[in-house]
Amino acid sequence: MNNTVEKDKVVSLDYTLKLDDGRVIDSSEGKEPLQYLHGHGTLIPGLEKELTGMEVGQEKSVVVSPADGYGEIVDADDIVLSVNDFPPDLTPIAGMGVYLESPTGQVKPFFITKVEGDRVYMNENHPLAGQTLHFDVQVVGVRDATPEEIAHGHTH
Ligand code: ZN
């Protein structure tokens, strides 16, 4: 049994994510560990790279620069849509990610910055763009992925 984190393994991870100021913005504490398929771009690149080669039970603190995280902040004007442009079962709120198709057919992620009345403002910056990310991680499980999981690129 190989308990090392590598491509095509399903990894269970306990983690805490902090910003430079020490604020905890995400954590698996009190929840199920995060489960993901390693080597398929599920996690941000800077974190996946550092997890490669870790063993079950091992802990690590990982600092991820914006470039290896959610990107640098790009100076882009907000796009404004109407609340009515969204499906009726979807209530737009700040921080939510949406995929928009450009006139050339290119699909890009946008993130809602604010909602005022029926106007929804969004731009290309992920809410964590420009942030240095501080992860405390512990690998709590590693197993072989099934051929189906590998083909789909996610865990079942
Ligand atoms: Zn699937």
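## Zinc site

His154 counts as partly exposed because its relative accessibility is 40%, which falls between the 20% and 50% limits. The model is a predicted one. His154 is one of the residues that coordinate the zinc ion; the donor atoms are ND1 of His152, NE2 of His154 and NE2 of His156, at 1.9 to 2.2 Å. Along the sequence these donor residues follow the spacing H-x1-H-x1-H. His152 also counts as partly exposed, at 44% relative accessibility.

## Domains and cores

The protein chain is split into domain 1, made of 9–70 + 128–152, and domain 2, residues 79–123. Between the C-alpha centres of domain 1 and domain 2 the distance is 28 Å.

The largest nonpolar core holds 20 residues, and the ones with the most contacts inside it are Val5, Leu47, Leu51, Leu133, Phe135 and Val137. At least two residues of this core come from each of strand 1, helix 1 (45–51), strand 4 (59–64) and strand 9 (133–144). Strand 9 gives the largest share, five residues. Another core lies apart from this one and has six residues, including Val98, Phe110, Ile112 and Met122.

Which residues does Val5 contact, leaving aside neighbours within four places in sequence? They are Val11, Tyr36, His38, Leu51, Thr52, Gly53, Met54, Val139 and Val142.

Strand 6 (residues 97–101) and strand 7 (residues 107–116) run antiparallel and are joined by five bridges. Glu101 has Val107 of strand 7 opposite it.

## Asp8 and Lys9

A positive phi also occurs at Asp8, a residue other than glycine, where the angle is near 70°. Most residues other than glycine have a negative phi. Asp8 is placed in the segment before strand 1. With a relative accessible area of 23%, Asp8 is partly exposed.

Lys9 belongs to strand 1 (residues 9–18). Is Lys9 buried or exposed? Lys9 counts as buried because its relative accessibility is 5%, and the limit for that class is under 20%. Residues up to four places away in sequence aside, Lys9 touches Asn2, Thr4, Tyr36, Leu37, His38, Val142, Arg143, Asp144 and Ala145.

## Ser28

Ser28 sits in the loop between strand 2 (24–27) and strand 3 (34–37). Its relative accessible area is 4%, so Ser28 is buried. Not counting residues up to four places away in sequence, Ser28 touches Leu13, Asp14, Tyr15 and Pro33. With Asp14 there is a polar contact of 3.0 Å between the side chains. Ser28 and Gly53 are 25 residues apart in sequence, and their C-alpha atoms are 21 Å apart in space.

## Accessibility values

The table lists the relative accessibility of residues discussed above.

| Residue | Relative accessibility | Class |
|---|---|---|
| Lys9 | 5% | buried |
| Asp8 | 23% | partly exposed |
| Ser28 | 4% | buried |
| His152 | 44% | partly exposed |
| His154 | 40% | partly exposed |

Methods:
Residues numbered from 1 in each chain as written. Predicted model: local features only at pLDDT ≥ 70, side-chain atom pairs only at ≥ 80, totals over all residues. Heavy atoms only, no water. Helix = DSSP H or I, 4+ residues; strand = E, 2+ residues; numbered from the N terminus. Buried < 20%, exposed > 50% of the residue type's maximum accessible area, 1.4 Å probe, protein only. Contact = heavy atoms within 4.5 Å. Donors = N, O, S within 2.8 Å, 3.2 Å for Na, K, Ca; no water. Domains from an automatic or database assignment. Core = buried A, V, L, I, M, F, W, Y, C linked by side-chain atoms within 4.5 Å. Pairing = 2+ DSSP bridges. Polar contact = N/O pair within 3.5 Å; in protein donor to acceptor, adjacent residues only side chain to side chain.
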